[in-house]
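Please open the model in your viewer and keep the selection tool at hand.

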Amino acid sequence: MHQLFPTRREFALVLLFLLLLVLLNRGPGTSYPPNVPSSSRRHTLQAEQPALPQTQLSWKNNPVPQTKLVAHVPGWTIFDRLYVFKGVVYIVSDDEGSLPHVQFILSRGIQIENGQEAELGRLPTDEDIRIISTEEARRLFGVGASILDGVTLFVNDPHQFITHYYHWSAELWFGFWRTYSTLDTTITSDGNTTLPFTRRIMFNHLDAHHWRDYAHMNEWVVRSSFPSATMEFMDDWRDRAELGKPFVFDRIVIADRSAAMRSYNFQRYQRTASAAFALPGSVNWWMPIRNNVIKFARLDSDTGGGTTGAPVITYISRQQWGRRMLIPEHHEKLVHELHKLRDVYGYEVNIVEAENMSRVEQIRLAARTTVMMGVHGNGLTSLVWMKPNPRSTVMEFFYPQGFAHDYEFTTRALGMTHYGFWGNQSFTSPDLPLPQYVEGFQGNSIPIDAEAVARLCVERLSLNFEVDD
């Protein structure tokens, strides 16, 4: 007799088949409980879609959104909603009296020469920057502008000073980040910050072939500081101008060397970045950049920190460079005295020539260095990758009576100690000589008292110095 009912095995197979059909019909999309209405499912799917970026700032019949001045010192300015149209920068404001004069914001961006006539020739015209009312902005721009989102660094300079490791890293980059970091005064010693990093860097007077330095350090600094940043140059600026359409920056940091030279701090230090230090900031302001750069070299951010480990002394020699060199016998004596410190105190001593090192070797050594020394020159720029601590010191050798603030100001701006040397005489802030390029400053007979340098190394590294009561 045939069985009238399916077996358990047949019944299980049928259920499995039906379950598979249900799953296949539903597809790979989101699963919902049976009591969720279809309208709610549509809303959920819409919420899961990423928001489309806003490409237009539209005001239609409303007033044109005004430009907001966020922070400013001569040569370094942060704006929200700054406009550019046909190659001209526009500040839209119905309160022009609350804004700085445009000569402290932007210049014509031409080569910097000495003399009053040249200085006047660099002042901006209406073809460079204008302040206009919301009513005039509507007549010019119409009912909207295309958004350049994120943070933009806008460099209004020619290549004159840019293609140089010091002027790029310790002036442009230094001043830019010191200006921008004023918006986060709580940056921590390990570099944590609330600031979004730069989205783009724009040069309106510079072509794409003239921003790199001969040592190719500029590229390292840019690509490691902000790996996602894009760069635009004068051809891109011209493209936007020729479109005949207005653009508006979400947030822009303007760097202008000529405008910065009109600041009080520049008159004191001859460093354009010094103007930015009139703004408030965290004592750890530089750490986000420093840490990004050395991490790119595969080092930990705490490299070079602390005062209990074996200190590292780095002498950057220029003896093969051909310009600004120590008297040969003085150089040999200095090497001898530094090696004595190594043998007696256990200090790590490095005698190096920057031109014979790769970029990663220079970054790694600078990050580990406690005391850096050398004749005034580009190799000392890497002091910006040192980790500031109570022992961190830079010693710079000058021809007697000669002095420049370049590395002295940079060292002190990072919270480290700088000593200048004239032979056996040393000096430090606040007792500094006036800057001057005396005869012999660029020569190859610069004296140095090696024993005086060695004594100061021991004093600094043992923290055995007097503190005024």
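Begin with the second largest cavity, whose lining residues divide into 7 nonpolar, 4 polar and no charged, where Ala, Val, Leu, Ile, Met, Phe, Trp, Tyr, Cys and Pro count as nonpolar, Asp, Glu, Lys and Arg as charged, and the others, Gly among them, as polar. This is a predicted model, in which local features need pLDDT of at least 70 and side-chain atom pairs count only at pLDDT 80 or more, while totals for chains, interfaces and linings use all residues. Residues are numbered from 1 along each chain as its sequence is written, and side-chain values use heavy atoms, with hydrogens and water left out.

To see this cavity, select T314, I316, V352, A354, M357, Q362, L365, A366, M372, G379 and S382, which line it. About 80 Å³ of space lies inside, a volume being the space filled by probe spheres set on grid points that are joined across faces, edges and corners. On a 1 Å grid over the protein atoms alone, a cavity is a set of points where a 1.4 Å probe fits but cannot get out, a pocket is an open set with protein on both sides within 12 Å along at least five of seven lines, and lining residues have an atom within 4 Å of a point. Helix α12 (359–368) gives the most to this lining, with 3 residues; helices (H or I, at least four residues) and strands (E, at least two) are DSSP runs, numbered from the N terminus.

Next, go to the largest cavity, which holds about 200 Å³ of space. Select D157, F161, I162, D256 and R257, the closest to its centre of the 22 residues that line it. Helix α5 gives the most to the lining of the largest cavity, with 4 residues.

The lining of the largest pocket divides into 14 nonpolar, 9 polar and 6 charged residues.

Now select the second largest pocket, of about 360 Å³, through I112, N114, R122, M261 and F266, which lie nearest its centre. Helix α8 gives the most to the lining of this second largest pocket, with 3 residues.
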